[in-house]
Amino acid sequence: MAKTMSVQEKKGVILIDEMSIKSCLEYNESLDMIEGYEDFGNLRRSGKSAKLVLVVMIRGLCNNWKLPLSYYFSSTGVKGNQLAEIMKQTVETIVKLGFHLFV
């Protein structure tokens with residue numbers, strides 16, 4: 001049985017990291033789609049090859065835990081307006097999950 005986290009254990013901060021990746025296109029048979037293109041989830045998908053990935057996670061402030069939340073593939077980096085929307089959605093999700101964020 002999983003232990004319920006205390007209020008103290010639910011305190012966390014958002015981490016984001018963008019890193020270079022090798023460009024590669026692959027067919028995903030189960031999804032019937034080609035992967036490796038720029039993809040911002042529900043924000044948009046394009047026909048440009050992805051060269052970067054942005055990873056969003058939450059990390060415990062008082063305890064040593066990390067939880068990856070999402071990742072986005074881009075061709076030239078995440079633009080400011082896209083990052084703002086990603087962060088808005090991330091904060092909404094984290095709050096719905098019952099975590100407490102510190103800025």
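Colleague: Which residue of β8 is the bridge partner of Gly12, and how is strand pairing to be read?

Modeller: Strands are DSSP runs of E with at least two residues, and helices are runs of H or I with at least four residues, both numbered from the N terminus. Two strands pair if DSSP finds at least two bridges between them. Here the partner of Gly12 in β8 is Leu101. Strands β1 (residues 11–20) and β8 (residues 100–101) run parallel and are joined by two bridges.

Colleague: On what basis are such features reported?

Modeller: The model is predicted, and local features need pLDDT of at least 70, side-chain atom pairs count only at pLDDT 80 or more, while totals for chains, interfaces and linings use all residues. Residues are numbered from 1 along each chain as its sequence is written, and side-chain values use heavy atoms, with hydrogens and water left out.

Colleague: How many bridges join β1 to β6, and do the two strands run parallel or antiparallel?

Modeller: Nine bridges connect β1 with β6 (residues 52–60), and the two run antiparallel. One example is Ile16, whose bridge partner in β6 is Val56.

Colleague: What makes up the largest nonpolar core?

Modeller: A residue is buried under 20% relative accessible area, exposed over 50% and partly exposed in between, with a 1.4 Å probe and protein chains only. A nonpolar core is a set of buried Ala, Val, Leu, Ile, Met, Phe, Trp, Tyr and Cys residues joined through side-chain atoms within 4.5 Å. The largest one has six residues: Phe40, Leu54, Val56, Tyr72, Val78 and Ile86. Contact, in turn, means heavy atoms within 4.5 Å. Setting aside residues up to four places away in sequence, Val78 touches Glu18, Phe40, Leu54, Leu83 and Ile86.

Colleague: How many aromatic pairs are there, and how are Phe40 and Tyr72 arranged?

Modeller: Rings of Phe, Tyr and Trp (its six-membered ring) pair if their centres lie within 6.5 Å; planes under 30 degrees apart count as stacked, over 60 as edge-to-face and the rest as tilted. That rule gives three aromatic pairs. Phe40 and Tyr72 are stacked, at 6.4 Å centre to centre with 20° between the planes. This pair links distant parts of the chain, 32 residues apart: Phe40 lies in the loop between β4 (37–39) and β5 (45–49), and Tyr72 in strand β7 (residues 66–74). Phe40 is buried because its relative accessible area is 0%; Tyr72 is likewise buried, at 9%. The pair of Tyr71 and Phe73 is edge-to-face because the planes stand at 75°, with centres 5.5 Å apart. Tyr71 is exposed at 55% relative accessibility, and Phe73 is partly exposed at 27%.

Colleague: Is Glu38 buried or exposed, and what does its side chain meet in a polar contact?

Modeller: Glu38, in strand β4, is buried because its relative accessibility is 2%. A polar contact is a pair of N or O atoms within 3.5 Å; within protein, one must be able to donate a hydrogen and the other to accept it, and residues adjacent in sequence count only if both atoms are side-chain atoms. The side chains of Glu38 and Ser46 form such a contact at 2.8 Å. Beyond its neighbours within four places in sequence, Glu38 is in contact with residues including Arg44, Lys48, Phe73 and Thr76.

Colleague: Where is Asp32 placed, and what is its phi?

Modeller: Asp32 sits in the loop between β2 (26–28) and β3 (33–35). Its phi is near 55°, a positive value in a residue other than glycine. Asp32 is exposed because its relative accessible area is 55%.
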